[in-house]
Amino acid sequence: MTTELQDEEVLEIIGLGKTRKDMVVLGALLKAQKKPTDFINFKTLREQLAIDEGSRKGKDPLIYRSLSGLEKEGFLKIDKSGHKHGYNSNISTIEKAIATSISKKIKTLEKELKEVDSEVALIADMSSDIMATSMIDLAAGKRKIEKPVFAQGWDSILKLLDDKVYKDIKKGDVLRYTLEWLSQYDFMNQKRMKGMQRLTEKGVEIQSLDHDRGEREFRGQYKKLVTEWRNKGYKIGYRVFPRKDSTYQFIARNTDGILLVVSESPLSATWLPRNTNSELVDNAIESFDNDYESGTDILDFEG
């Protein structure tokens, strides 16, 4: 394997592949700079992206999001002293950022390796006759298999949410929220927000998805909350991905199942454990993740 191919493979491993939008934006910035010390304004950068990608250059909010992400990862510097921001990168800056990315990736891979080793040890120690007995117990109904639960009305749904999603939640768990259906209810009341804060203090990550279909009613209030909680170090994400077509409305913890809204009038929802309908649960979560990945952070969204 040539050195060039090795370099490309390492960059792919640490998430810096040349086709990644952030890397395309960084490449355009470097091309637009005449000198390594130059700070390029957004208009010049956008013009270079238009040359590089044509009509695929992307909308301004997505470009701003890439710039913000690149700054966070240390790949560029932003001069915010003037009315219009300037953007700069050079080999020294990139070298430091890559070293940091490699260090983080090594730690992640080491953690994953330990988890795999643990799973291998668990399987290796498992007796097939004990597993057969367990399987028979499940088939014969001696062990409880979780089933779907239906709820109608706001209060009943909140109780179902507490019982099926929040119960026994722990550090490292991820909560996914689609917000369109919640825009009609007082879900940001003081009692619920204190409960949410306790979750984030515990180390739970929150991902909220705004499809711009009514959510703007509470977006300003949520903006303040996101800023405040991020300053405290909590893992709270809120992204806006406008779409005209309807999609799944739900709340989920990890991929265990989803609290799926099945009707908004009357308000009704069903708790669907993954074992009862894995295809629907997986499709809903995959759709959420795709929209969330393509969305714009609430603090960068203009609308």
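**Entry 1: ground rules**

I number residues from 1 along each chain as its sequence is written, and I work with heavy atoms for side-chain values, leaving out hydrogens and water. Since the model is predicted, local features need pLDDT of at least 70 and side-chain atom pairs count only at pLDDT 80 or more, while totals for chains, interfaces and linings use all residues.

**Entry 2: overall counts**

I took helices (H or I, at least four residues) and strands (E, at least two) as DSSP runs, numbered from the N terminus. The protein has 10 helices and 11 strands. For accessibility I used relative accessible area with a 1.4 Å probe and protein chains only: buried is under 20%, exposed is over 50%, and partly exposed is in between. Of the 303 residues, 38% count as buried. I counted a contact where heavy atoms lie within 4.5 Å. Among contacts with a separation of 6 or more, 69% come from residues 24 or more positions apart.

**Entry 3: the sheets**

I called two strands paired if DSSP finds at least two bridges between them. L260 has T270 in β10 as its bridge partner.

Another open sheet has three strands in the order β1-β3-β2, with antiparallel pairing. Here β1 (40-41) and β2 (77-79) are the edge strands, each pairing on one side only. Three bridges pair β2 with β3 (residues 86-88) in the antiparallel sense. The bridge partner of I78 in β3 is Y87.

For angles I used axes that are lines fitted to C-alpha atoms, for helices over the stretch in contact, with angles running from 0 to 180 degrees between N-to-C directions.

**Entry 4: D210**

I then checked D210, which is placed in strand β6. D210 is buried, at a relative accessible area of 0%. Apart from neighbours within four places in sequence, D210 contacts L179, E215, R219, Y238, R239, V240 and F241.

**Entry 5: α2 against α4**

The axes of helix α2 (residues 21-32) and α4 come within 9 Å and cross at roughly 85 degrees. That makes α2 roughly perpendicular to α4, by a scale on which under 35 degrees is roughly parallel, over 145 roughly antiparallel, 65 to 115 roughly perpendicular and the rest oblique. The residues that meet are K21, D22, M23, V25 and L26 in α2 and S66, L67 and L70 in α4. By class, this contact has five nonpolar, one polar and two charged residues. The classes are: Ala, Val, Leu, Ile, Met, Phe, Trp, Tyr, Cys and Pro nonpolar; Asp, Glu, Lys and Arg charged; the others, Gly among them, polar.

I looked at S66 separately: it lies in helix α4 and counts as buried at 4% relative accessibility. Leaving aside neighbours within four places in sequence, S66 contacts K21, D22 and V25.

**Entry 6: aromatic pairs**

I paired rings of Phe, Tyr and Trp (its six-membered ring) if their centres lie within 6.5 Å; planes under 30 degrees apart count as stacked, over 60 as edge-to-face and the rest as tilted. The count by this rule is six aromatic pairs. Why is the pair of F42 and Y64 stacked? The ring centres of F42 and Y64 are 4.1 Å apart and the planes are at 5 degrees, so the pair is stacked. F42 is in helix α3 (residues 42-53) and Y64 in helix α4 (residues 60-72), so the pair ties together parts 22 residues apart in sequence. F42 is buried at 10% relative accessibility, whereas Y64 is partly exposed at 31%.

F288 and Y292 also form a stacked pair, 5.8 Å centre to centre with 15 degrees between the planes. They are four residues apart in helix α10 (residues 278-294), a separation of about one helical turn. F288 is buried at 2%, and Y292 is buried at 10%. Ring pairs link F250, F288 and Y292 into a cluster.
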